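Here are my notes on this structure, as numbered points. Please keep the model open while reading.

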Amino acid sequence: MFFVKERKVIFMTVSEKKFLMTELSKLTPNPEEKAKAILEIFEQLYEEVKFLRGMLTLSTVQYDLPDEVWKDIKGYEGFYQVSTKGRIKSFQLDKVRIMKLCFDRGGYVHIVLSKNGKRKTHRIHILVAKAFIPNPLNLPEVNHKNGNKWDCSVENLEWSTRKQNQEHAVRLGLQKSGADSHRAKLTEEQVRDIRENCIPSDKVKGLHSFARKYDVRLSVIQNVYHYRTYKNIK
């Protein structure tokens with residue numbers, strides 16, 4: 001089994017495929033669908049790596065790109081500029097240069113800026129948004145429209161609330177919700193069981209009995225019953 005992606009061929013031998021299908025059969029009744037999903041994830045990761053390679057290359061190119069616009073970074077006027085392409089230009093030590101970018105633990109692109117002996121880390125997408133995107137509602141967060149937090153071009157960014165940002169991540173499949181989340185304490189069937197059969201004040205079918213039944217805190221059952229959590233399960 002193989003697929004072709006931009007002149008790169010990814011092979012899987014017959015024995016490897018057989019082993020994969022055998023292992024998947026232990027986990028799911030639909031191993032073919034699971035194998036397809038795995039390959040789709042691999043393709044997505046390949047695209048992200050390819051984008052990352054291109055972005056890192058551009059961060060070292062020491063000339064302006066087509067249609068690239070630069071603005072001073074607020075608080076660092078005369079020292080640094082940010083561009084619509086998500087690049088940073090330094091004017092330190094009487095030398096103009098495009099700076100190399102780094103990544104923080106959250107996977108976001110960042111840069112360390114220095115002024116008067118003080119160094120501070122800034123995430124690139126925040127710098128781009130503050131310089132080029134109006135924020136009349138004073139929204140607190142910057143969202144990546146395509147879900148790729150390495151893509152800090154101005155066209156890919158928008159101001160948003162925390163709720164809008166999280167909902168966008170769920171829609172793109174970047175963040176799981178409800179029973180699909182890795183933090184979920186209950187399955188979809190258990191959530192439905194609680195909502196359909198729980199009688200809050202009943203001694204046998206009450207909230208406490210369901211908490212004991214599924215070995216979770218009482219607050220977990222209360223939140224499920226009142227639709228404060230697992231809202232996607234009807």
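1. A term first. Buried means under 20% relative accessible area, with a 1.4 Å probe and protein chains only. By that cut-off, helix α6 (residues 207-214) has these buried residues: L207, S209, F210, A211 and Y214. They pack against α5 and α7. Directly after α6 comes D215, which has a positive phi, near 55°. Note also that this is a predicted model.

2. Overall make-up. The protein chain has seven helices and 11 strands. Of its 234 residues, 34% are buried. Take the contacts between residues at least 6 apart in sequence: 41% of them join residues at least 24 apart.

3. How do α5 and α7 sit against each other? Helix α5 covers residues 188-197 and helix α7 covers residues 218-225; they pack at an angle of about 75°, and their axes are 9 Å apart. Angles of 65 to 115 degrees count as roughly perpendicular. The two helices are therefore roughly perpendicular to each other. On the α5 side the contact involves V191, I194 and R195. On the α7 side it involves I221, V224 and Y225.

4. The open sheet. Three strands make it up, in the order β7-β8-β9, with antiparallel pairing. Its edges are β7 (102-103) and β9 (118-123), each of which pairs on one side only. β7 pairs with β8 (residues 109-115) over two bridges.

5. The hairpin. β8 and β9 pair in the antiparallel sense over six bridges. S114 has R119 in β9 as its bridge partner. Two residues lie between the strands of this hairpin.

6. R123. This residue lies in strand β9. Is R123 buried, exposed or partly exposed? Its relative accessible area is 34%. Partly exposed covers the range between the buried limit of 20% and the exposed limit of 50%. R123 is therefore partly exposed. Leaving out residues up to four places away in sequence, R123 touches D104, Y108, V109 and H110. R123 and L101 are 22 residues apart in sequence, yet their C-alpha atoms are 9.9 Å apart in space.

7. The largest nonpolar core. It has 23 residues. Those with the most contacts inside it are I73, V82, I88, I111 and I124. Four elements are listed as giving two or more residues: β4 (80-83), β8, α3 and β11 (157-160). Which element gives the largest share? That is α3, with six residues.

8. V82, one of the residues with the most contacts inside that core. Which residues does V82 touch, not counting residues up to four places away in sequence? They are V69, W70, K71, I73, R87, I88, L127, V128, A131 and F132.

9. A separate core. Apart from the largest one lies another core, of 14 residues. Its members include L186, L207, V220 and V224. Two of these names have come up already: L207 is a buried residue of α6, and V224 takes part in the α5 and α7 contact.

10. The β10 and β11 pair. These strands pair in the antiparallel sense over four bridges. N143 has E158 in β11 as its bridge partner. Strand β10 covers residues 141-144. E141 and N143 point one way from it, while V142 and H144 point the other way. All of them are buried.

11. Cysteines. How many disulfides does the structure hold? It holds zero. C152 counts as buried because its relative accessibility is 5%. C198 counts as buried because its relative accessibility is 6%. Both values can be set against the cut-off of under 20% for buried.

How values were computed: Residues are numbered from 1 along each chain as its sequence is written. This is a predicted model: local features need pLDDT of at least 70, side-chain atom pairs count only at pLDDT 80 or more; totals for chains, interfaces and linings use all residues. Side-chain values use heavy atoms; hydrogens and water are left out. A disulfide is a pair of cysteine sulfur atoms within 2.5 Å. Two strands pair if DSSP finds at least two bridges between them. A nonpolar core is a set of buried Ala, Val, Leu, Ile, Met, Phe, Trp, Tyr and Cys residues joined through side-chain atoms within 4.5 Å. Contact means heavy atoms within 4.5 Å. Axes are lines fitted to C-alpha atoms, for helices over the stretch in contact, and angles run from 0 to 180 degrees between N-to-C directions. Angles under 35 degrees count as roughly parallel, over 145 as roughly antiparallel, 65 to 115 as roughly perpendicular and the rest as oblique.
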